[in-house]
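The following note is intended for a colleague meeting this entry for the first time. Please read the points alongside the display below.

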There are 2 protein chains.
Amino acid sequence: MSATTDTIRNGVDTEKMFATLDLIKEQPAVARFQFRATNRWIDGAHNRSSIQGFYAAGGEDTSRSEAFAIDAGEPAILLGTDTGPNPAEYLLHALAACLTTSIVYVAAARKVQLTSVESTLTGDMDVRGALGVDDEPRNGFERIGVSFRVNGKAPAEKLREVVERATARSAVYDMVTNGVPVAVEVATD
Amino acid sequence: MSATTDTIRNGVDTEKMFATLDLIKEQPAVARFQFRATNRWIDGAHNRSSIQGFYAAGGEDTSRSEAFAIDAGEPAILLGTDTGPNPAEYLLHALAACLTTSIVYVAAARKVQLTSVESTLTGDMDVRGALGVDDEPRNGFERIGVSFRVNGKAPAEKLREVVERATARSAVYDMVTNGVPVAVEVATD
């Protein structure tokens, strides 16, 4: 096998991964990142975020040649016209994507070759909270269920350890389970 | 003005909105919702969620004729190939979209005609946590900043009250600030 084949595992360049980890250990300041999104209301429940630049490794990252545009909406029952997934569904997607990427990276680091990673997420909500009808139910999901099916060239026990470690290191899992301080500012013309 | 013009405000059908609120007050059971996402790993940091069905108002909602497909990825510095926004950026989008929709709906209910709602969100992270280099920094954002610019045909004070009420009722703001219990299950073939 070529050197390239040896270092790429699960689509992740493990040589670059370990070099990145070594660099961050030596220079912790390069680990400071800031991600961003700008959002603009279009009409009704339709709004769109633009995501492009971010701060990383001591400077502004300009590697993205154009912005990602992502549309949100609501289904008819929640007074929208289905212009995109709704915000709570995007939160489930963020959680699924982060756990999945963490699983793939942890597996790559541990020399586990994966063949498939699939998940189904559910979030249960009493919309009386968010609609302001009742103060008792919380606004958001009462609970989130995540069901993974993971396969690869490793014993089941090893695959489970990969998922466990990935969960313990996932950025979005941490935020969704533990919460994050959010500061909201408002300006009007 | 026609009846239609009177009931549609900010793109929201307020007649339908108030009818929905009345129905939920009378029959709290219809307020039980379950949202879902299924996710599939593609390669490396690239994975895709499919979002379509959900449970609402006492039954399965089948109003969406096809699924939304949304792609996640990572930029090169985080070992991906930019196949989509990254999971933490999607969390910022979810928060922006939910606060914006809440602002639009609250304004509609309060007879405030909006002309623009724009926001910029930032999330600060020390990636040593998520990369497993150091146990000290948390995995997710240490803090999130949300900066709104809201304009409409109402005094600034009224617009600020709308944002305040929307923040107090936003589903994703609640989840991101307070956290949600998440149960993770794993199956292997």
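1. Leaving aside its neighbours within four places in sequence, with which residues is Ser102(A) in contact? They are Ala166(A) and Ser170(A), where contact means heavy atoms within 4.5 Å.

2. This is a predicted model, in which local features need pLDDT of at least 70, side-chain atom pairs count only at pLDDT 80 or more, and totals for chains, interfaces and linings use all residues; side-chain values use heavy atoms, with hydrogens and water left out. Residues are numbered from 1 along each chain as its sequence is written, while chains are lettered from A and ligands numbered from 1 in the order in which they are written.

3. Ser102(A) lies in helix α3 of chain A, residues 87-109; helices (H or I, at least four residues) and strands (E, at least two) are DSSP runs numbered from the N terminus. Ser102(A) counts as buried because its relative accessibility is 13%, the term buried meaning under 20% relative accessible area, exposed over 50% and partly exposed in between (1.4 Å probe, protein chains only). Its side chain reaches the backbone oxygen of Cys98(A) at 2.8 Å.

4. Chain A as a whole contains five helices and 10 strands. Its C-alpha atoms fill a box of roughly 60 × 40 × 30 Å along the principal axes. Of the 189 residues in chain A, 54% are buried. Among contacts in chain A with a separation of 6 or more, 49% join residues 24 or more positions apart.

5. In chain B, helix α3 (residues 87-109) packs against helix α5 (residues 171-178) at an angle of about 135°, the axes being 7 Å apart. Axes are lines fitted to C-alpha atoms, for helices over the stretch in contact, and angles run from 0 to 180 degrees between N-to-C directions. The angle therefore makes α3(B) oblique to α5(B); under 35 degrees counts as roughly parallel, over 145 as roughly antiparallel, 65 to 115 as roughly perpendicular and the rest as oblique.

6. From α3(B), the contact involves Leu91(B), Ala94(B), Leu95(B), Cys98(B) and Leu99(B), and from α5(B), Ala171(B), Val172(B), Tyr173(B) and Val176(B).

Methods. A polar contact is a pair of N or O atoms within 3.5 Å; within protein, one must be able to donate a hydrogen and the other to accept it, and residues adjacent in sequence count only if both atoms are side-chain atoms.
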